[in-house]
Amino acid sequence: MVIPSPFVYWAQTEGAVTLKIDLKNVIQPDLKVLENNVKFAAQGTGARGESQYEFNLDLFSNIKAEGPGGDQGTTVRIFDNRVELSLQKETAAWWPRLTAQPQKPAWLKINFDLWKSEDAQDSDDERRDVMRDYPGMYDRVYKEEMGYRKEDLKKVYLILYNLFQFVGFTYVFAVMAVRYAKLEYDSVTDTYEHVGPAMKFLQLMMYLEVMHPLFGYTRGGVLVPFLQVSGRAFVLFAMIDAEPRMQTKPVVFYLFIIWCSIELVRYPFYISQIYKKEIYILTWLRYTMWIPLYPLGVICEAVVILRNISYFEETLKFTISLPNEWNFAFHMPTFLRVYLLFLTFPGLYFVMKHMHKLRMVKLKPKIVIKKSK
């Protein structure tokens with residue numbers, strides 16, 4: 001069971017730090033104050049109602065934790081609607097932050113009622129107007145606070161998305177591998193029947209990757225992801241899902257294997273980048289596996305389209321003939337021929353050129369320049 005933390009509002013002077021703990025009806029808190037750490041636990045009413053609350057703070061610098069008679073450097077005052085702690089700094093100095101780590105807990109806030117800065121000239125007895133003395137400070141701190149939350153939520157979302165896609169493609173790959181191990185080549189013809197729905201759902205989810213740069217969640221352009229995702233979606237939905245006879249062809253099995261192999265490396269690589277962890281083998285695979293897999297994937301997609309030309313000439317699926325109320329004609333087999341000629345292989349060149357530039361940037365050797373003494 002996860003024990004929640006109460007909201008804690010902090011402020012400082014040159015010689016002390018105050019903590020206001022937003023808890024009601026606290027009777028006897030369990031408080032431990034060390035040289036650079038404060039542990040608090042109590043039963044009370046907070047943001048999550050009546051519950052047990054606790055927090056653990058590693059402080060930026062040391063405080064006067066113990067005096068001759070115990071914790072004389074700490075003053076505790078319990079009110080009906082809050083608990084206040086006053087911590088005396090071991091060395092009089094202004095702290096740039098309260099916590100030892102630069103990452104601030106979400107439940108830690110600034111107490112604007114008591115806030116003072118290093119350049120404040122006010123006496124301790126004078127009631128200060130923060131909005132008057134520092135008219136831009138509230139907006140700045142508020143933006144930093146909201147920016148911290150937005151950054152944190154964005155990171156959580158991207159991790160969950162990439163993890164979901166990785167698990168999904170792992171499932172598809174595992175199903176195909178297990179069925180092939182049991183049935184060998186006999187499992188190839190009904191591959192789409194067993195993993196087709198999962199593959200379609202994962203493919204639709206990939207359109208989120210096109211929108212991520214638009215929302216500012218990731219860096220990079222929109223055109224290349226859109227072309228890659230749309231090209232794969234066209235083959236999956238318009239070529240394979242729309243033609244039952246194509247679903248039993250062995251090329252579908254090989255195409256799904258290639259797609260899964262690419263994604264089983266790509267999504268873990270993205271997760272490592274979110275955590276800013278450089279795993280060389282993962283980076284090398286991400287920017288090397290495309291060299292054989294992208295051309296093989298395009299060849300399989302081209303085979304699917306080429307086989308479908310005769311099927312669509314027979315069924316006239318997606319073909320619009322004249323006369324009609326729109327006065328518009330569209331011949332699907334002709335479109336597929338044009339698609340193969342002008343989009344498939346030129347598109348492969350465009351994507352391969354883009355990936356080659358990324359590979360040269362990511363895998364280029366690091367040059368260390370040593371200064372001569």
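A polar contact is taken here as a pair of N or O atoms within 3.5 Å, of which, within protein, one must be able to donate a hydrogen and the other to accept it. In this predicted model, such a contact joins the side chain of H331 to the side chain of T334, at 2.7 Å. H331 lies in the loop between α9 (290-315) and α10 (332-362), and its relative accessible area of 36% makes this residue partly exposed, since that class falls between the limits of 20% for buried and 50% for exposed residues. The C-alpha atom of H331 is separated by 9.1 Å from that of K317, a residue 14 positions away along the chain.

A contrasting setting is that of Q203, which belongs to helix α3 (residues 191-205). The relative accessibility of Q203 is 1%, and Q203 therefore counts as buried. When residues up to four places away in sequence are not counted, Q203 touches V229, R232, A233, L236 and F237.

The strands β6, β7, β2, β1 and β8 follow one another in that order in an open sheet of 5 strands, the pairing of which is mixed. The edges of this sheet are formed by β6 (74-78) and β8 (108-110), each of which pairs on one side only, and the twist from one strand to the next averages 20 degrees.

Note on methods:
Residues are numbered from 1 along each chain as its sequence is written. This is a predicted model: local features need pLDDT of at least 70, side-chain atom pairs count only at pLDDT 80 or more; totals for chains, interfaces and linings use all residues. Side-chain values use heavy atoms; hydrogens and water are left out. Two strands pair if DSSP finds at least two bridges between them. Helices (H or I, at least four residues) and strands (E, at least two) are DSSP runs, numbered from the N terminus. Axes are lines fitted to C-alpha atoms, for helices over the stretch in contact, and angles run from 0 to 180 degrees between N-to-C directions. Buried means under 20% relative accessible area, exposed over 50%, partly exposed in between (1.4 Å probe, protein chains only). Contact means heavy atoms within 4.5 Å.
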